[in-house]
Amino acid sequence: MRKLLAAVLCLAATATGCGATVESSDDAKSTAVTLTNCGRKVTYDKVPERVVTNDVGITELMFALGLEDRMAGFAMPDDKGDMTGVPWKDGYDKVKWLSKDQLTKENVLDAKGDFVFAGWNYGFRDDNGFTPDALKKLGIPSYLLTESCRNGRTKTSRGIMPPLDALYADLTNLGKLFGVEKRAATLIAGFKKQVAAVAAQAPAKKPKVFLYDSGQDQPFTSGRWATPDEIISKAGGVNVMHDVDDSWTTVGWESVVERNPDVIVICDYGDMSAEQKKKFLLSYGPLRGVSAVKHKRIFVLDYVDLVESPRNPAAIARLGTYLRSVS
């Protein structure tokens with residue numbers, strides 16, 4: 001698998017620096033904490049000590065806050081990139097990899113987990129019975145990734161706030177719950193500064209960008225509430241699917257052709273490599289007249305860059321550099 005560049009990823013942690021010493025989570029007080037999560041007030045009776053997480057972005061939110069000592073393990077497919085070069089390598093070395101599939105109740109119970117941090121379609125699913133309500137019946141509290149919050153527009157549509165606001169909301173909440181509020185605030189301030197610096201260099205004419213996750217009959221992409229929407233906009237582009245009132249969702253190829261993106265961003269993960277995805281896009285007949293395909297303007301970002309994670313600001317910087325080069 002392709003290695004993720006440590007130098008780029010360290011940029012995402014500029015607020016504290018790789019390996020920086022910050023307040024210890026051991027100082028967290030064992031008192032009840034009330035947070036707003038997905039629009040609901042939730043009270044946690046104590047500071048979790050054996051957290052189980054699902055997926056790479058969620059796991060790295062814990063690592064970025066220095067909370068690996070509070071973790072019992074994580075579930076993550078092994079197609080999300082090489083973890084050896086990340087700034088939070090120590091976290092991956094210290095915390096147990098429980099499953100290379102979706103998180104299950106059995107994983108949580110076997111790990112003696114006392115808290116689950118996951119999200120809808122980021123571990124929690126109705127069809128397999130692994131839900132916050134199911135965990136609650138077992139006496140295990142949970143926290144939902146804000147990018148994944150269901151919004152009530154349909155039974156499955158997600159997203160309740162701009163994606164970077166979702167990132168900052170989760171860092172703030174986790175900081176409060178685990179008693180590392182200063183570290184959370186420092187991370188957020190650094191991320192905002194980094195994002196603002198990229199946005200300030202945005203080209204006058206913003207290129208239209210389509211995010212391609214997967215799918216050949218129909219593409220899976222990002223609406224306005226998934227992280228790529230703001231990665232694209234803060235980098236100086238316009239997400240051609242910004243009007244889609246959902247997060248990660250399926251659209252039709254005809255809508256891609258109609259909106260004629262100048263650039264396509266590939267989400268690199270899964271059984272189909274980024275190079276294979278690129279080859280498909282360049283050879284797919286209906287797209288032959290699309291500007292991005294005609295000019296071969298295709299840029300690749302990793303899965304973890306494009307879901308809510310502490311790598312989002314660095315991804316904005318990388319895409320911003322590319323968009324300025326083609327504008």
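Mentor: Two strands pair if DSSP finds at least two bridges between them. Helices (H or I, at least four residues) and strands (E, at least two) are DSSP runs, numbered from the N terminus. This is a predicted model, in which local features need pLDDT of at least 70 and side-chain atom pairs count only at pLDDT 80 or more, while totals for chains, interfaces and linings use all residues. Residues are numbered from 1 along each chain as its sequence is written, and side-chain values use heavy atoms, with hydrogens and water left out.

Trainee: How many helices and strands does the chain have?

Mentor: There are 13 helices and 14 strands in the chain. Of its 327 residues, 55% count as buried, where buried means under 20% relative accessible area, exposed over 50%, and partly exposed in between (1.4 Å probe, protein chains only).

Trainee: And what share of the contacts joins residues at least 24 apart?

Mentor: Taking contacts between residues at least 6 apart in sequence, 68% join residues at least 24 apart. Contact means heavy atoms within 4.5 Å.

Trainee: Let us turn to the sheet. In what order do its strands come?

Mentor: The order is β11-β9-β13-β14, an open sheet of 4 strands with parallel pairing. At the edges are β11 (238-239) and β14 (298-302), each of which pairs on one side only.

Trainee: How many bridges link β9 to β11?

Mentor: Strand β9, residues 208-212, pairs with β11 in the parallel sense over 2 bridges. Lys208 stands opposite Val238 of β11, and Val209 has Asn239 of β11 as its bridge partner.

Trainee: Which residue of β13 is the bridge partner of Val209, then?

Mentor: In β13, Val209 has Val263 as its bridge partner. Altogether, β9 and β13 pair over 4 bridges in the parallel sense.

Trainee: How many bridges join β13 to β14?

Mentor: β13 and β14 run parallel and are joined by 5 bridges. At one of these places, Val265 has Phe299 of β14 as its bridge partner.

Trainee: Is β13 enclosed or open?

Mentor: β13 is largely enclosed by the rest of the structure, because 6 of its 6 residues are buried. Val263, Val265 and Cys267 point one way from the strand, Ile264, Ile266 and Asp268 point the other way, and all are buried. β9 is mostly covered too, with 4 of its 5 residues buried.

Trainee: Which strands does helix α10 lie across?

Mentor: Helix α10 (residues 274-283) lies across β9, β13 (263-268) and β14, and runs at about 145° to β13. Axes here are lines fitted to C-alpha atoms, for helices over the stretch in contact, and angles run from 0 to 180 degrees between N-to-C directions.

Trainee: Now the helices. At what angle do α8 and α13 cross?

Mentor: The axes of α8 (residues 227-235) and α13 (residues 312-326) come within 8 Å and cross at roughly 50°. The two helices are therefore oblique to each other; angles under 35 degrees count as roughly parallel, over 145 as roughly antiparallel, 65 to 115 as roughly perpendicular and the rest as oblique.

Trainee: Which residues make that contact?

Mentor: α8 contributes Thr227, Glu230, Ile231, Ile232, Lys234 and Ala235, while α13 contributes Asn312, Ala315, Ile316, Leu319, Gly320 and Leu323.

Trainee: Is α8 enclosed or open?

Mentor: With 7 of its 9 residues buried, α8 is largely enclosed by the rest of the structure. Among the buried ones are Pro228 and Asp229. Just after α8, Gly236 takes a positive phi of about 110°.

Trainee: One last topic: where is Ser222 found, and what does Ser222 touch?

Mentor: Ser222 is in strand β10, residues 220-222. Leaving aside residues up to four places away in sequence, Ser222 touches Leu211, Pro228, Asp229, Asn239, Met241 and Ser247. At 0% relative accessibility, Ser222 counts as buried.

Trainee: And how far apart are Ala317 and Val198?

Mentor: Ala317 and Val198 lie 119 residues apart in sequence and 5.9 Å apart in space, C-alpha to C-alpha. Ala317 is in helix α13 and counts as buried, at 17% relative accessibility.
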